[in-house]
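Hello,

The sequence and the structure are below for you to take over. My notes on what was found follow.

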Amino acid sequence: DNPGPLPCRNLWLGNIGPTVTEDDLRSMFAPYGAIEKVKLISDKKCAFINFMVMEDAVNARTHMNGHPLAGQLLKINYGKDTGPPRPPGGGGGGGRFGGPPRA
């Protein structure tokens, strides 16, 4: 038996109708907890929602799987675990680019 993907913070949503926007998904799933990121892939009729906390993702999947959205019934499963949430504010920096060429 394959139990399917293990619970994680990242939800895969399938059966997304063509009129659905990232804002629609964010407002629909926000009641379940803080969302780190929403990515809609319209041409594949799917989306990914990353919650800040795994328990919120589990709760959202439990309550929203099979829920109607824009005339379609949502299919929700766990995506790939993306590790801990990134701290707000981006990050980056470091490295040196664009200076004068070295002699």
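Just after helix α2, Gly66 takes a positive phi of about 85°. The model is a predicted one, in which local features need pLDDT of at least 70 and side-chain atom pairs count only at pLDDT 80 or more, while totals for chains, interfaces and linings use all residues. Residues are numbered from 1 along each chain as its sequence is written, and side-chain values use heavy atoms, with hydrogens and water left out.

Helix α2 itself covers residues 54-64, and Ala57, Ala60 and Met64 in it are buried. Buried means under 20% relative accessible area, exposed over 50%, and partly exposed in between, with a 1.4 Å probe and protein chains only. Viewed along the axis of α2, the buried residues fall within an arc of 65°, so they line one face of the helix. The arc is taken over the directions from the helix axis to the C-beta atoms. The buried residues of α2 pack against β1, α1 (22-29), β3 and β6 (75-78), where contact means heavy atoms within 4.5 Å.

Next, strand β1. Four of the five residues of β1 are buried, so the strand is largely enclosed by the rest of the structure. It pairs with β3 in the antiparallel sense over five bridges, and with β6, also antiparallel, over four bridges. Two strands count as paired if DSSP finds at least two bridges between them. On the β3 side, Asn10 stands opposite Asn50; in β6, Ile76 is the bridge partner of Leu13.

Asn50 belongs to strand β3 (residues 46-51) and is buried, at a relative accessible area of 5%. Its C-alpha atom is 5.1 Å from that of Lys37, 13 residues away along the chain. Leaving aside neighbours within four places in sequence, Asn50 is in contact with Arg9, Asn10, Ile35, Glu36, Lys37 and Thr82.

Which residue does Glu36 form a salt bridge with? The partner is Arg9, and the closest N and O atoms are 3.0 Å apart. The structure holds one salt bridge, defined as a side-chain nitrogen of Lys or Arg within 4 Å of a carboxyl oxygen of Asp or Glu. This pair links distant parts of the chain, 27 residues apart: Glu36 in strand β2 (residues 35-41) and Arg9 in the segment before β1. Glu36 is partly exposed at 26% relative accessible area, whereas Arg9 is buried at 6%.

A polar atom of the Arg9 side chain also lies 2.4 Å from the backbone oxygen of Phe51. That is a polar contact: a pair of N or O atoms within 3.5 Å, one of which, within protein, must be able to donate a hydrogen and the other to accept it; residues adjacent in sequence count only if both atoms are side-chain atoms. Not counting residues up to four places away in sequence, the residues Arg9 touches include Ile49, Met54, Ala57, Gly83 and Pro85.

Regards

Technical notes
Helix = DSSP H or I, 4+ residues; strand = E, 2+ residues; numbered from the N terminus.
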